[in-house]
2 protein chains.
Amino acid sequence: MRPILIAALIAAAIAVPAAAQAPKPVTPGAILAAAPAAEWQAVEAEDLLVIDLFKGGRIVIQLAPGFAPQHVANIRTLAREHWYDGLFIERVQDDYVTQWGDPSGKKALPKGVAAHVPAEYERASEGVKFNPLPWRDTYADQAGFSGPWPVAEGEGKAWMTHCYGMVGVGRDLNPDTGTGAELYAVIGHAPRGLDRNIALVGRVLDGMPLLASFPRGEGELGVYTKPAQFISIKRVRLASELTGADRPYFEVLKTDSATYKAWSTLRANRKDDFFLHPAGAADLCSVMPPLRKARAK
Amino acid sequence: MRPILIAALIAAAIAVPAAAQAPKPVTPGAILAAAPAAEWQAVEAEDLLVIDLFKGGRIVIQLAPGFAPQHVANIRTLAREHWYDGLFIERVQDDYVTQWGDPSGKKALPKGVAAHVPAEYERASEGVKFNPLPWRDTYADQAGFSGPWPVAEGEGKAWMTHCYGMVGVGRDLNPDTGTGAELYAVIGHAPRGLDRNIALVGRVLDGMPLLASFPRGEGELGVYTKPAQFISIKRVRLASELTGADRPYFEVLKTDSATYKAWSTLRANRKDDFFLHPAGAADLCSVMPPLRKARAK
C-alpha cells in the first residue's frame, strides 16, 4: 500500500535494462532539466526582497516594479531604511493569506515613503508584453504571463493575479492607504476575487513551505490574538545590500521560451505513467514559471 | 498602517448612529446567517470519518459514497476495524497534499477490504443531479455542485474535482491499487490535473488549518524522511461509533438552495466596502458550500 506516487520513486530506483523497457514518457521535470541557460532569466538584486526570521528561515520575494512601481519604490525604501526589522508575522488565515508588518499600526514611516500611493491594481493592456495561455480563464478574457508575472487581460486592462505565492500590499478601506508597510502572501487556492482590488507587488521565490505552514491565527481573519504568537522578523533587506554567501540569486524560466511552452503544455497534458486522463488544460496559477537558485555571475 | 481588512473589523466595532449611515452593503456572511434551517443538510454519521491525533487535534471528513462507493466501503471497513489507529501523517508537499497511512506499506488489510477496487474516477453524467455554476471552467464544459460535491462535466461524464480540502485515495501506478489505506487532502491551489486520474472520496469539514500547517516534508514529493517527523494518528472512527460530546455533527448548505445561489453570486460580485472591482465570476473551488458544526437532533 504505497503512498500516492511514492511507488514511482521506488520504481525509478530499481534498475531495469533499458532495452527491455518501452520508451519512458517525457515528464515536465525532464523538459525543464534540458532548458538552455539562455532561457533562464536572472532576477535583479534590486528586485529581491529578503526576509530573515529570528527563529531561522528565509523568505525571498521577487518584486514587480513594472506593475506597481510606486508601491515597489516604497517597499525598497522601507527595506533600505531597515524599517521592517523587528516587526512580525501577525496573521495567518487558512486557505487565504499570511501577512506581516506592524501589529500596533503605530510605527512611523521613514522619510521618502509615500503615505498615499495610487491604486496600482491594473494597467492599460496596450504596451504590456503578454504571452497568453491557450486555455480558458474563469475570470478574464485571457490569462497568461508577462515576463515572470501571471497576468489577466480584459476590458483593455492587464493586471497581475492572486496566485499561490503572490505577494500583495495590505490596505485599509480606502484604496490609497496601502503603503507597503503591510504585506501578505497567498497561501491557498487563488483568491482571484482580490484581483484589481489590491496592489500585487511580487512573488515568493523561496520560503513558501515556511510561510504556508505557520499556525493559523484564531482571531477574526486569522489574526494572532496573543503577542506571544507573533513570529519575529529579524531583518528585511534587498539582495543588493547582502554580500557573499548571504546574498541569494534566483533565475526564473522565461515565459516566452520554447521550454516554458513545452513544459506548460505537458503540465496540461500529462501522459507519464501515473496519468490516465490528461486534463487538456491548466489554469494560470497551476503553471507559474519554474525557478531555481543560482550563483553569482 | 492597519493590516488588510482589519480596519473593517475595527470600523464595525465603532458604533455610529444608523441614521447617519448609507445602507450597509450586504456581505456573503450576512446572507449565510439568514439561511433558513431547511437549507442546511445534516451529514449522516456513516459519512463522517473522524481522525484524532495523538498530540491533539481532530480532522473530520465527509465521505462521498455516491461518487466512489467501493472506495468508501473500504474506508468504512478500515475505520470499523480500527485499522488506521496508530498510523501516521507521512507526507506534506507544499501547495499540493497532506497524506496519511502506513509508511511501511506492510500492514495487512483486514478481512472485508477489497485489495483491488475499480477506478471510480468518473460517472456517466446522466442521472447525476447537477447544479451548474454560471461561470466558465478552465478544465471542463461545465462546473458546479452535485449535493455538497464540486463536480465537473464533459464528454458525457461527471467527476468530483480536486478543490482545497478534498480527500482522495493514494494509489500505485495501476489504477486499481488504491484501497483507501492511504488518503490525502489537498492543501494548495486546486490540482485539477489529478481529476479523473485518482479517486476522490470526500471533503475535510473540520481540521484543514491543522492538515495544511504541518511542516512540509523534505524528501521527494514532501515525504517525511525521518520516522521522528511522522505525526501519529491516535484513532480513526466513523462518527456513528462515537457517542455524547465526542460525536461530531455537521451541516452543509444545500447547493440547490436560494441561499447558496445568493451567497455564491455575491462571492463572485463583492460590493461591500473593501471591494472596488467585483470579479464577475468565481471558480468552482472558490465557492465550496459553506458548512457549520451542529448539534445532535
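**Numbering and limits.** I count residues from 1 along each chain as its sequence is written, with chains lettered from A and ligands numbered from 1 in the order in which they are written. Since the model is predicted, I keep in mind that local features need pLDDT of at least 70, that side-chain atom pairs count only at pLDDT 80 or more, and that totals for chains, interfaces and linings use all residues.

**Strand β5 of chain B.** I turned next to the strands, which are DSSP runs of E of at least two residues, numbered from the N terminus. Five of the five residues of β5(B), residues 97-101, are buried, so this strand is largely enclosed by the rest of the structure (buried: 20 or more other C-beta atoms within 10 Å of the residue's own, with C-beta atoms placed from the backbone). B:V97, B:Q99 and B:G101 point one way, while B:T98 and B:W100 point the other way.

For its neighbours, I used the rule that two strands pair if DSSP finds at least two bridges between them. β4(B), residues 88-93, runs antiparallel to β5(B) and is joined to it by five bridges, with B:I89 as the bridge partner of B:W100. These two strands form a hairpin with three residues between them, and B:D95 in the turn has a positive phi of about 60°. β12(B), residues 183-186, is also antiparallel to β5(B), over four bridges, and here B:W100 stands opposite B:L183.

**Strand β13 of chain B.** I found β13(B), residues 200-206, mostly covered, with six of its seven residues buried. It pairs in the antiparallel sense with β3(B), residues 58-63, over four bridges, where B:L63 faces B:G202. Three bridges link β13(B) to the antiparallel β11(B), residues 166-169, and B:M166 has B:R203 as its bridge partner.

**An open sheet.** Last, I traced five strands of chain B in the order β6-β10-β9-β8-β7, with antiparallel pairing; the edge strands are β6 (123-124) and β7 (131-132), each pairing on one side only.

Technical notes: Buried ≥ 20, exposed ≤ 12 C-beta atoms within 10 Å, placed from the backbone.
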